[in-house]
Amino acid sequence: MVPKVKPYEVKPAEADATDATDATDVEGGGGAANDAHLQKNDDNQWYYARQSCFGKLGDALSVAVFVRPLALLTGLLWGLPHPSKYLTVLSLFFTGLLIEPLAILQDVLYWYWLRQQTFPRNPVIIIGHWRSGTTYMHQLLACDPTMATTRNSQTIAPQISLICKTLLRWYVACIFQKFRPIDHVAWDGDDPQEDEYGICRNCLDTNMAGVVFCHDYVSHFRRCVTNTTRAFRRALVRYAQLTWLYDGAGKTQLLIKNSAHTARIQALMEIFPGARFVFLERRARDSIRSLVIVKEKLGVLLGLHRPISHLRGVEETAQCYKELIESFERDRHLIPPGQLVVVPFQEFMADTVGTLRRIYEELGIDSWEQAKGPIERRVELARSSYSSMPIRLDADAEKRLCEITE
């Protein structure tokens, strides 16, 4: 039997590595070997480089753009933007409006194809709380040449991704900087991405609603994560169809990564009856600390509310962590035997290739021989190029985090 996931589990043996306020984060790219040798000045160079005008503009144009106007206006019914965020509203609206004629054209051209589209109903779905290694797992599994998955060049404007594929790749190549705006993870247009970022361009009934309206994070989390709307379910199916058309040529399997899906097991099993799940589990304290900082950085780029304090961020993120895991535990019995693998974060970092091999074996994925070489090369690249980023909470927030997760 797969062991249960314990909310707020603290493992004393790991405490000395991450309990300090200057903790480090290893979400993507796999940099476990760098943790003990973090050079703060070097690791912060990527951040300070982003303070240039070009850096800030590039980050904004890689995130706060191309939301469909109707989706944005519907989303604004859930909250009013702060006056200081009006420029972000204009960026989201007018960039979406600019490409809306092309979006309508794609809807018309591909309406019949999408209605008739068949795609694998047994996708591999990576779940687990945010900042638990899900990005790195996604990067590695996406190296498998048999797996189709959503890419950065698709998620940035999925509503035109089928008719403007070359244009979007060019745009991403021009705009994207070397590292993601939220952490020190290298990215480019062909890197895999979380489907929630693409879905939210067409429907704001996603976890991103709580990032955009951070003062209402918990209510949006309960509306869009631990519960799902009919609009979101339709958007999820539509996005899977788009992904298969965009990246599925010559491939046989669909790969999805979305931490919010951890609480959506019932909906996923209805849509994808044969879905196979890879669940990443990491010590709650580390995941919560890291997510507080990531939400803060995303809020700067596309949030429509003023930032909240680290202390409030810790309280709300910890509450949502608890609800996410409880939802997963409640519904995990719906996953048939042989369709779920639980991967502890430390095991994944210690023996990455061995962990991937185990996943292939336990889920019955038959493409290991094709995937092994590309995965091993990606692991070596990560070890040679990735540096952990420092994670610093305010002192009162760090103290509260330790109290909550004891």
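Residues are numbered from 1 along each chain as its sequence is written. In this predicted model, local features need pLDDT of at least 70, side-chain atom pairs count only at pLDDT 80 or more, and totals for chains, interfaces and linings use all residues, while side-chain values use heavy atoms, without hydrogens and water.

Biologist: Which strands stand at the edges of the open sheet?

Modeller: The sheet has 5 strands, paired in parallel, in the order 3-4-2-5-6. Strands are DSSP runs (E, at least two residues; helices are H or I, at least four), numbered from the N terminus, and two strands pair if DSSP finds at least two bridges between them. A single partner leaves one side of a strand without a neighbour in the sheet, so the edges are strand 3 (147-148) and strand 6 (340-344).

Biologist: What is the bridge partner of Ile125 in strand 5?

Modeller: Strand 2 (residues 124-127) pairs with strand 5 (residues 276-281) in the parallel sense, over 4 bridges. In strand 5, Ile125 is partnered by Phe277.

Biologist: How many polar residues are in the contact of helix 6 with helix 17?

Modeller: Contact means heavy atoms within 4.5 Å. Tyr136, Met137, Leu140 and Leu141 in helix 6 meet Thr352, Leu356, Ile359 and Tyr360 in helix 17. These divide into 7 nonpolar, no charged and, for polar, 1.

Biologist: How far is the sulfur of Cys200 from the closest cysteine sulfur?

Modeller: The structure holds 0 disulfides (cysteine sulfur pairs within 2.5 Å). The closest sulfur to that of Cys200 belongs to Cys203. It is too far for a bond, at 9.2 Å.

Conventions: Ala, Val, Leu, Ile, Met, Phe, Trp, Tyr, Cys and Pro count as nonpolar, Asp, Glu, Lys and Arg as charged, and the others, Gly among them, as polar.
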